[in-house]
Amino acid sequence: MKVCKEPGCEGKSRSRGMCGKHYEKWRIANPNAVIKHDDMRGQVLAALPATRPQLQAVLNCSRSTAAEWLKKLREEEAIHIGRWQRSETVGMFVAVHVAGPGKDAVCRLKPIPSSAYAGKYRQQKNKSERLRYLLKRAVSKQNTWLGALGVPP
Ligand SMILES: [Zn+2]
């Protein structure tokens with residue numbers, strides 16, 4: 001359990017590293033900071049369900065800001081992982097965060113075996129090698145024609 005960052009306080013950390021009592025004190029002393037903070041919090045919650053990259057795009061914030069918000073809200077049990085989905089990046093999974101408390105979904109997606117990618121890569125490589133060969137052949141044919149016509153290559 002994380003405790004309040006206020007020296008000597010043993011209260012459970014709830015918001016901004018402070019316990020409820022100290023956060024309340026701080027909130028009254030810093031009204032503008034809290035408006036911004038609560039606003040951001042509301043925006044994060046409104047953006048859900050979302051993955052970290054989606055949240056980043058919606059909030060137009062950095063990767064670490066989005067990750068920190070998700071981490072913080074998960075610690076507060078304000079959100080949880082609803083499901084997992086494949087990311088656009090090869091072989092990666094991303095958590096889809098949803099609002100409300102709950103048990104985090106377990107990722108049951110099977111990674112695509114690397115051999116499948118290797119096969120794809122090989123196919124592409126063969127394709128480009130074939131193209132290179134055809135191009136080379138076309139050029140040499142052309143040179144033969146030009147030679148026959150008496151044009152120097
Ligand atoms: Zn405290």
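Is valine 98 buried, exposed or partly exposed, and how many other C-beta atoms lie within 10 Å? Valine 98 is partly exposed, with 15 other C-beta atoms within 10 Å. In these terms, a residue is buried if 20 or more other C-beta atoms lie within 10 Å of its own, exposed if 12 or fewer, and partly exposed in between, the C-beta atoms being placed from the backbone.

**Before going further**

The model is a predicted one: local features need pLDDT of at least 70, side-chain atom pairs count only at pLDDT 80 or more, and totals for chains, interfaces and linings use all residues. Residues are numbered from 1 along each chain as its sequence is written.

**The whole chain**

The protein has 5 helices and 2 strands, in the order α-α-α-α-β-β-α from the N terminus on. Helices (H or I, at least four residues) and strands (E, at least two) are DSSP runs, numbered from the N terminus. Of the 153 residues, 10% count as buried.

Next, colour by pLDDT, the predictor's confidence in each residue, from 0 to 100. The mean for the protein is 83, and 84% of its residues reach 70 or more.

**Arginine 16**

Move to the segment before helix H1 (20-29), where arginine 16 is found. Its phi is near 50°, a positive value in a residue other than glycine. Arginine 16 is partly exposed, with 16 other C-beta atoms within 10 Å.

**Leucine 48 and proline 49**

Select the loop between helix H2 (31-47) and helix H3 (52-59), in which proline 49 is found. A cis peptide bond joins leucine 48 to proline 49, with omega about 0°. Not counting residues up to four places away in sequence, leucine 48 touches Ile79, His97, Val98 and Ala99. Such a contact requires that the C-beta atoms of two residues, placed from the backbone, lie within 7 Å.

**Asparagine 60**

Proceed to the loop between H3 and H4, the place of asparagine 60. Although asparagine 60 is not a glycine, it has a positive phi of about 55°. This residue is exposed, with 9 other C-beta atoms within 10 Å.

Select residues 63-75. These 13 residues form helix H4, which reaches 18 Å from its first C-alpha to its last, close to the 18 Å expected at 1.5 Å a residue; the expected span is 1.5 Å times one less than the number of residues. Which residues of H4 are buried? They are Ala66, Trp69 and Leu70. Seen down the axis of H4, the buried residues fall within an arc of 95°, so they line one face of the helix; the arc is that of the directions from the helix axis to the C-beta atoms. The face turned away from the buried side carries the exposed residues Ser64, Glu68, Lys71 and Glu75. Just after H4, glutamate 77 takes a positive phi of about 60°.

Now show side chains for Val44, Leu48, Ala50, Leu55, Ala66, Trp69, Leu70 and Ile79, the 8 residues of the largest nonpolar core. The largest share of this core, 3 residues, comes from H4. A nonpolar core is a set of buried Ala, Val, Leu, Ile, Met, Phe, Trp, Tyr and Cys residues joined through C-beta atoms within 7 Å.

Return to valine 98, which lies in strand S2 (residues 93-99). Leaving aside its neighbours within four places in sequence, valine 98 is in contact with Leu48, Pro49, Ile79, His80 and Gly82. Its C-alpha atom is separated by 9.8 Å from that of arginine 74, 24 residues apart along the chain.

Phenylalanine 93 also has its place in strand S2. It is partly exposed, with 15 other C-beta atoms within 10 Å. With residues up to four places away not counted, phenylalanine 93 touches Trp84, Gln85, Arg86, Ser87, Cys107 and Leu109.

Finish at leucine 109, in the loop between S2 and H5. Leucine 109 is exposed, with 11 other C-beta atoms within 10 Å. The C-alpha atoms of leucine 109 and phenylalanine 93, 16 residues apart along the chain, are separated by 7.8 Å. Leucine 109 and glutamine 85 are 24 residues apart in sequence and 7.6 Å apart in space, C-alpha to C-alpha.
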